[in-house]
Amino acid sequence: MSELTTPLGSAGGDARPRAPARGRGQERGGGTRGVTGTSRAWGVAFVAPQTLLFLAFFLVPVVIAFALAFMEVRPTRMTWVGLDNFQRVLNDQLFGRALVNTTVFTAVVVVFWLGKALLVAYLLDPMNATLQTFFKSAFYLPAVTSSVIISLIWLWIFNPTFGLLNAFVGLFGVEPVAWLGNTRTALPSLMAMQVIMGGGSSIVLLSAALARIPRDLYEVALIDGAKRPTIFAKVILPLIRPTLLYLVVTGTINTFQVFEAVYVMTQGGPQFATTTVVYRIYQEAFQRFNLGVASAQAIVLFLITLVLAAVQFRLLGQNVEY
Amino acid sequence: MRRSPLHVLVALLALSPVAAAQPQIELTWWINPWRIVTPDMPEGASPTGEEYARYMSERFMELHPNVTVRYELVPNAGFGEKVTTAIFAGNPPDVLKDLDWNPDWAREGLLEPIDTYLTDEDREDFLPYALAKGLVDGQHYIWPWNNSNNGMGSTLLLNTALFEEAGVEIPALPDRAWTIDEFLAAAEKLTMDRDGDGTTDVYAITFAARDVENMLSWLMRFGAKLMNDEGTEFVLNSEEGVRALQFIVDLVYEHGYAPRGGEALDVYGTIENLHNGRAAIGYGGIYEIGRIDRYLKEGRMANPIDVVIAPFPHDPAVGPIAYETSGGFLVFKQQDDYKREMAMEFARFLTNTENIQMLESLLYITARRSANAQLDFANVADYTEDVSTEVQVYQSAIDHGVPFFGPSDLDISAAIEHFTAAMEAALSRSKTPQQALDDFVREANRAVFGR
């Protein structure tokens, strides 16, 4: 029995039991003791560029952001202000509004987007390889398109005067709607766009996870009299739980950072109905030059996503063996 | 004229003692794209926005061979972010077009004051309000360049064909001034259902909540002000302000002279409605006539439209009001005295009487009186055989210009998002005009003044 510890397994539908994985050193027969000084140097050489880039563009800025959160940052000076920035963040009604908007957006988008990906992957599973490849490619296409371009296209679709959506609903006698101008429809419109355009990579991962489930399990369940919905709920879902966990966690983290669509399509409006946390951080940092407050907001966002990820791990994070 | 190698050698020899006496320096200059036609462009060529920066850099380097000007064309979108990032990184350009002018930069000591470089002639020649725009704590920081903007908030564009179709007379010259009542009478006729199917085919005008300058201009029609005269408080929820906003909402919902959905539009939505003939009246000045020509050439507009300029309609009790604005160049703090001199020299070069006239090809009016006296705007492009009438109307409109956004040394950017929210609320009727403006004033005073 192999243990499915990562969703990034074989996508080729190989359901045969596998021998326990061996480390690279073991495969070469010498364990880590066999690594010579030269090969160690080569290893370091290969890892170093990525590590340096990671340090320069990720780790160091994150550490600096933590420090800036406790300072008033001006172009010519930095002053220690303790927790003042966090107090400002907590007293900022618009940041509170942004948190609510972002939470609603994330909850809806992740659920629907994952549901869509699961449904599509499930429907693709019985198809032959050629058809699967075609549909996976089709669903994956938006993932390789710039999110700004996608937002601009949807801006036209939602246009109240000449947009496609109003033209379509007009066929049923519905009056034109200012989809992005109405506080009731703006956030749902962005959510719908995100759900429709997203999920390409999730479909690929879920297809791989489904392909790894041994077919014997389906047959046994069918012989036992289980119906398809039961098989889906009792056999498939538990077995792809690690993949789902991965997608829920990364999807939540990514969706919580929604920015491009808001920046391009609504600028946080109407009446702050689509203001999200990252858009608020952007405004604070680059429109008001309050890098300290923006850093404090970023840390609040970091803590929220950390807690969410921990909760999701606790709820979904169980090892699966088959 | 071709130069022989001998000429070049003689010129180099002549300049060499000067060059040797002066250090080699490099100036960085950031500017957004200005589609100015330069003298070295082939006739009929359409500028992309880079020609002006290249041309001026080269001309300045010819005059000062020891100076290398490195220009960078920064797109309008993201201009402010790029400048902010550069400032915080301690690496701003030496000279900057003031697209996103922030008076706090001067207070932070990031800019060089220009007062000691301004001559008496400069002070006389620059339009007072253009010079005053860069006044912070008694010192000037902006070399004035363009007077007015693209006309947003100042003037309207009237589609002559639609006016004719509706049987509406264009307001009379010389200034095409019209009253609110005259505008209303025209708007009624300009709102047309051509095929009688119950759907409006042409609206008189468009309102866009995210179009700050034009919406604010409408709100000032009955005498409202954004801030009090001292610049210490937002007061747009005055009786006059509420009346103006109610007037706008009524034009949309009661009269149907403007399309619904303006809460989701920005200024480009208004431009689009004018260009595609869905609105008989659009916004902007003579620059916007150039936009129509450019869009036609680029295939972004299918059919040409003929437009003329008129001021916003006025309430006789208040009089005409237009948006008064200008722009120019900033010089960032310099450690080296000579580099400071040359950065100032470059900014002066860009804004001197001769070079500032290059704005003419954009149909912009300059910030220098002496230059404006020489502009005739004749044949600056193939779409403007004679725009002198439109220039005259535009100039007479901005003669009534007032600053819309309070004192120039006050950063009110934090209030703008609340203004947009108020316009969105009013245009979607989720709040009454009174509620929308009350909320705006409360939030703006809190955001800008902390109360």
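**Ground rules.** I count residues from 1 along each chain as its sequence is written, with chains lettered from A and ligands numbered from 1 in the order in which they are written. Since the model is predicted, local features need pLDDT of at least 70 and side-chain atom pairs count only at pLDDT 80 or more, while totals for chains, interfaces and linings use all residues.

**Chain A, overview.** I looked up the secondary structure and got 15 helices and two strands for chain A. Helices here are DSSP runs of H or I with at least four residues, strands are runs of E with at least two, and both are numbered from the N terminus. Of the 322 residues in chain A, 32% are buried. Buried means 20 or more other C-beta atoms within 10 Å of the residue's own, exposed means 12 or fewer, and partly exposed is in between, with C-beta atoms placed from the backbone.

**Where A meets B.** I found 21 residues of chain A in contact with 23 residues of chain B. Contact means that the C-beta atoms, placed from the backbone, lie within 7 Å. On the chain A side, ten of these residues are nonpolar, nine polar and two charged. For those classes, Ala, Val, Leu, Ile, Met, Phe, Trp, Tyr, Cys and Pro are nonpolar, Asp, Glu, Lys and Arg are charged, and the others, Gly among them, are polar.

I went through the loop between α13 (260-266) and α14 (277-287) of chain A, where P270(A) lies. The peptide bond from G269(A) to P270(A) is cis, with omega near -5°. Most peptide bonds are trans, and most residues other than glycine have a negative phi. Q267(A), in this loop too, has a positive phi near 50°. F272(A) is also found there, with a positive phi of about 70°. Buried or partly exposed, I asked of Q267(A)? Q267(A) is partly exposed, because it has 17 C-beta neighbours inside 10 Å. F272(A) has 22 such neighbours, so it counts as buried.

**A loop in chain B.** Next I checked the loop between α7 (160-166) and α8 (180-190) of chain B, the place of D175(B). What does D175(B) touch beyond four places in sequence? I found P311(B), V393(B) and S396(B). V393(B) is 218 residues away in sequence, yet the C-alpha atoms are 4.8 Å apart.

**A sheet in chain B.** Three strands make an open antiparallel sheet in the order β8-β7-β9. Two strands pair if DSSP finds at least two bridges between them. I noted three bridges between β7 (residues 155-159) and β8 of chain B, and L157(B) has G282(B) as its bridge partner. Helix α11 (residues 267-275) lies across β7 and β8 of chain B, at about 145° to β8(B). Such angles run from 0 to 180 degrees between N-to-C directions, along axes fitted to C-alpha atoms, for helices over the stretch in contact.

**Domains of chain B.** Last, the assignment, automatic or from a database, gives domain 1 (13-148 + 325-375) and domain 2 (155-323 + 403-449). Their centres, taken over C-alpha atoms, are 32 Å apart. I found 13 residues of domain 1 in contact with eleven of domain 2.

Notes. Contact = placed C-beta atoms within 7 Å.
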